[in-house]
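Reader: I would like to learn how to read this kind of structure, one feature at a time. Could you walk me through it?

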2 protein chains.
Amino acid sequence: MVFGHQREQGRRVLLRAIERNGRIPRIDLSNITGISRATVTTITADLLRDGLIAEVPREDSTDARRGRPRVDLKLAGDAHLVAGIKVSGASISLILVNFEGIELTALEVPLPKGPAGTDALADSIAQATQALAAQVGKSLSDLSGVGVGLAGIVDAQNGTVYWSPSLTDRNVNFRDVLSLRMGVPAFLDNDANLVAMAEKTFGLGRDHSDFIVVTIESGVGMGIVLNNQIYRGTRGCGAEFGHTKVQLAGALCRCGQRGCLEAYVADYALLREAASVGSIDVTQPASGQVKQLLAAAKAGEPTARTIVERAGHMFALGLANLVNVFDPELIILAGEQMQFDHLYAEEVLAEMRKSIVQIDKSPPEVVIHKWGNAMWAQGAAAYALDFVYEMASKDVREDVG
Amino acid sequence: MVFGHQREQGRRVLLRAIERNGRIPRIDLSNITGISRATVTTITADLLRDGLIAEVPREDSTDARRGRPRVDLKLAGDAHLVAGIKVSGASISLILVNFEGIELTALEVPLPKGPAGTDALADSIAQATQALAAQVGKSLSDLSGVGVGLAGIVDAQNGTVYWSPSLTDRNVNFRDVLSLRMGVPAFLDNDANLVAMAEKTFGLGRDHSDFIVVTIESGVGMGIVLNNQIYRGTRGCGAEFGHTKVQLAGALCRCGQRGCLEAYVADYALLREAASVGSIDVTQPASGQVKQLLAAAKAGEPTARTIVERAGHMFALGLANLVNVFDPELIILAGEQMQFDHLYAEEVLAEMRKSIVQIDKSPPEVVIHKWGNAMWAQGAAAYALDFVYEMASKDVREDVG
C-alpha cells in the first residue's frame, strides 16, 4: 500500500532520477534512489501510463543480463512542450524544447529599442511564443510552461519585476501578466540567474558547487551559485553587480544613481563619452558606433583608448571586489558579443588579480564563456522544465493507490 | 550493546543538547534528541562519571512528577577551563570561562603599538594567558583550549594567518605556533568572524539565519552569517570588506594596494590627512589626535569636516555595495569605540539607503552594537568552547561499551 504523499514523493524522485540519467534500467533506479524494486515497478508503471516516460531498448547490449527484458526508461519527449525565452535590448530569443530538454525549434524576433509598457511587452512575448510554437505546427495552448529571463531586478519567487531596462513600469507582477496573456504558466527570473542555472546544469559550472557568473551585454549582470543553488538574498533579488558603486558621486547611470559599474562599462556609457568629444559617427546605429569606437581604440587612437581603458579598469575593480567579498573558486564571464573583448582582456584580469587581497593561495579561476542568446534561452527553458517536472510529479490520480 | 561510534555520536548529541538547554531532565533529552531513554541513561552515566555534567535539583518544583527523582542535568562548570582572546592594535583582551561558558575572570594587557614578529606575539599572548589563569589560581596547563581572534586574513580551518596588522610575518600557521608555545590547543579565527559568531550565539543575530556584521576599530572587518553559519569562501578566508576598493587608484592602504575602504575610514587614514594640513597636534598619542580631529569636525572646522565627511561617504558606498551584492535582512555595525560615531551617523546610513538598488521593499535593517573588547574575547571563548565540547564528545573509554 503506497499512500498518496509517498507516491507523489516517489514520482518526483524517480522522475528526477530518470531526467538526470537520460536512460536508466529500473534496477539502477532502485539502487540510486533507495526506493524498493516493487515500488519502482508500481510508480514507473503509472509514469508510463501517464505518458511521462517511455521504454527504450538498452543501448549497450554487452551489459545484458540473461532472462531479463533489456529495456531502459527515459523521459517521454512528447509528454510536454516548454519554451525558454530571453528578452534582450533589441530582440526576443526563443527556444522550444520537449520534455527531455531537446531543442525542437528556435526563433529570434526583433523588439523596438528601449523599454516598453507591461502590456506591450507581454503581447510581444506572447506573439513571439505563438510564432515559435507554429514553427512545429503547435499553438500556445500546447505548451506546459514558459520560462522568461529579463535583465533587471526580478524576484523569481513571487514573479515581480521591480525594475527592468525592458519595462517602463516598475513593481509589476510580470509573471502573472504573462501567464494570463498566454494561458500558460510563466516562470520569470533575472536573466543572469538563468545563465548561472544553465552553466550549473549543462555548462562550465557543472562540477562546481560555488561559482559566480558575470554576464556582459548592454548591461552587467550577475548570478551567484552557492551550495549548488542560486543565491537570491533576503528580498529575493540579491546579487546585483552592475549597480554596485565603483566611484563616489561618479558617472550617471540609467538607474538614476551615480557611480554604478554599468555607468562605466555598458555600451551607452562608452558611447556618451565618445559622442561628447565627437570621435564617432552618431548617425549610425549604436552597435556600429561601438564597433567604430573599439576599432579606433585598437588602432591606438588616444581618445578612444582612454574611454575603453577606463571601462577595463572599472571592470577589474568591480571583479576584485566580488572576489574579496565572496572568495569564489570560479568566475565565469559570460556574454554573447565579441565586442566586449576589451573587458575580457588579460590586462583587465591581471589588474583584478592585483587588486584582490594577496594570500599564499591561487586567485580564483576566471573563464570566459561566449554564447549566444539561444544559450540564454536554453537556461530559461531549463528553468521552466524544472517547474514542469515538479507539476508532473504531483499529477497523482485519485483513483489509484 | 552500543558501539563505539554510536556512543561517540550519542555523547556529542546529548552534550550539545545539555549545553543548549542549560538545565534539562533526562526525559526531555530523550524527547528532544530522539535517543532512547535507556541509551540516554547509559551515556549520561558516562558523562557524569567523566565529570562533564552534573545533576542539580529541579528548579521548577511545580513540574515534579510523582515517584521520579526531580533532578536536571547541566554541564559541569569545572570540567574544563577555556580562554578567549582578542588581539587588538594596542592591547590583548582576555576572558576565562568555565565549561558552562560562565566568565571567571578577565584581563587586558597592553601591547607595543604596531605589528610584532610571530614568536614575540606568541610570547605576549602566552604570558597574558598565564597571567589570566593565575588570577584564579590556575596555570596554562589547566586550560583545555584557547580561542584567539586576530584582525587580518585568517584561514580558520588550517590555522594560517596570511596577513594581519598584528604580525610582521605573512603566511604563518599561527595556530600551531601558539599551541606549541602554550601547550594548550589554540583555535584561531578572524576577529570579525568571532564577533559574528558572538552575535549569532548570544547577540543581536540570535534570531536571524542570515546577517552581516561589520566591525570598526582601527580597521574595518566583516563577518557573514549565511544559513546560520560563518561564510568563509572557497579559500577559507573570504568575506573581506575593509580592502574592497571604493576608488580606482585611490588612497594608499596599509595593505600596499590603493583605494581600499580602510584607506579612507581607518583612523590612520583620517590622521594622515589631518597631519598633512597641520590641523592636529601630532605630538600627542594617536587616540588623542583622532579625538581632536573629530571634535574639530563637530565644531564645524572646515578642514576637519571635509576629512571626516569623506570617510562617511566612502563607508556609505561600501555598505551599499554589500547590500547590493548580499541583500541581507540585517546589518550589525559593531565596534567598541565611541570615536566612530561619525560612521554610524544617520546621514551615512541614509546615504547608504539611497545608494542601493531601489525596489518596492524595505532596505535591510541596520543596527549599531557597541561593545568592548571583553565581548570580542567572549566570542573567541565561545569559539574555543565549541571545539572543547567536540573533543569531550570523543572521549570514549576503550573499556566500556
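Author: Gladly! Keep in mind that this is a predicted model. Let's begin with one pair of residues: Ile92(A) has Val109(A) of β5(A) as its bridge partner.

Reader: Which strands does that pair belong to, and how do they run?

Author: Strand β4 (residues 91-98) of chain A and strand β5 (residues 103-110) of chain A are antiparallel and joined by seven bridges. They make a hairpin with four residues between the strands, and Gly101(A), in the turn, has a positive phi of about 80°.

Reader: Now a sheet, please. What is the strand order of the open sheet in chain B?

Author: The order is β12-β11-β10-β13-β14 (chain B), five strands with mixed pairing. At the edges stand β12 (229-230) and β14 (365-370) of chain B; each has a single partner strand, so one side of each is left without a neighbour in the sheet. Inside the order, β10 (residues 211-216) and β13 (residues 330-335) of chain B run parallel and share four bridges. Val214(B) is found opposite Leu333(B) of β13(B).

Reader: Which helix lies across β10, β11, β12 and β13 of chain B?

Author: That is helix α6 (residues 191-202) of chain B, which runs at about 45° to β11(B).

Reader: And two helices against each other? At what angle do α4 and α5 of chain A cross?

Author: Helix α4 (residues 118-134) and helix α5 (residues 174-182) of chain A have axes that come within 10 Å and cross at roughly 50°. Angles from 65 to 115 degrees would count as roughly perpendicular and those under 35 as roughly parallel, so α4(A) is oblique to α5(A). The crossing is right-handed. On the α4(A) side the contact includes Ile125(A) and Thr129(A), and on the α5(A) side Phe174(A) and Arg181(A) are among the residues. By type, the contact residues are seven nonpolar, two polar and one charged.

Reader: Last topic: the interface. How many residues of each chain are in contact with the other?

Author: The size of an interface is often given as the accessible area lost when the parts come together. Here we have residue counts: 36 residues of chain A are in contact with 36 of chain B. On chain A, α10 (302-326) gives the largest share, eight residues. That side of chain A has 16 nonpolar, twelve polar and eight charged residues.

Methods. Residues are numbered from 1 along each chain as its sequence is written. Chains are lettered from A and ligands numbered from 1 in the order in which they are written. This is a predicted model: local features need pLDDT of at least 70, side-chain atom pairs count only at pLDDT 80 or more; totals for chains, interfaces and linings use all residues. Two residues are in contact if their C-beta atoms, placed from the backbone, lie within 7 Å. Ala, Val, Leu, Ile, Met, Phe, Trp, Tyr, Cys and Pro count as nonpolar, Asp, Glu, Lys and Arg as charged, and the others, Gly among them, as polar. Two strands pair if DSSP finds at least two bridges between them. Axes are lines fitted to C-alpha atoms, for helices over the stretch in contact, and angles run from 0 to 180 degrees between N-to-C directions. Angles under 35 degrees count as roughly parallel, over 145 as roughly antiparallel, 65 to 115 as roughly perpendicular and the rest as oblique. A crossing is left-handed if the near helix is turned anticlockwise from the far one by less than a right angle, and right-handed if clockwise.
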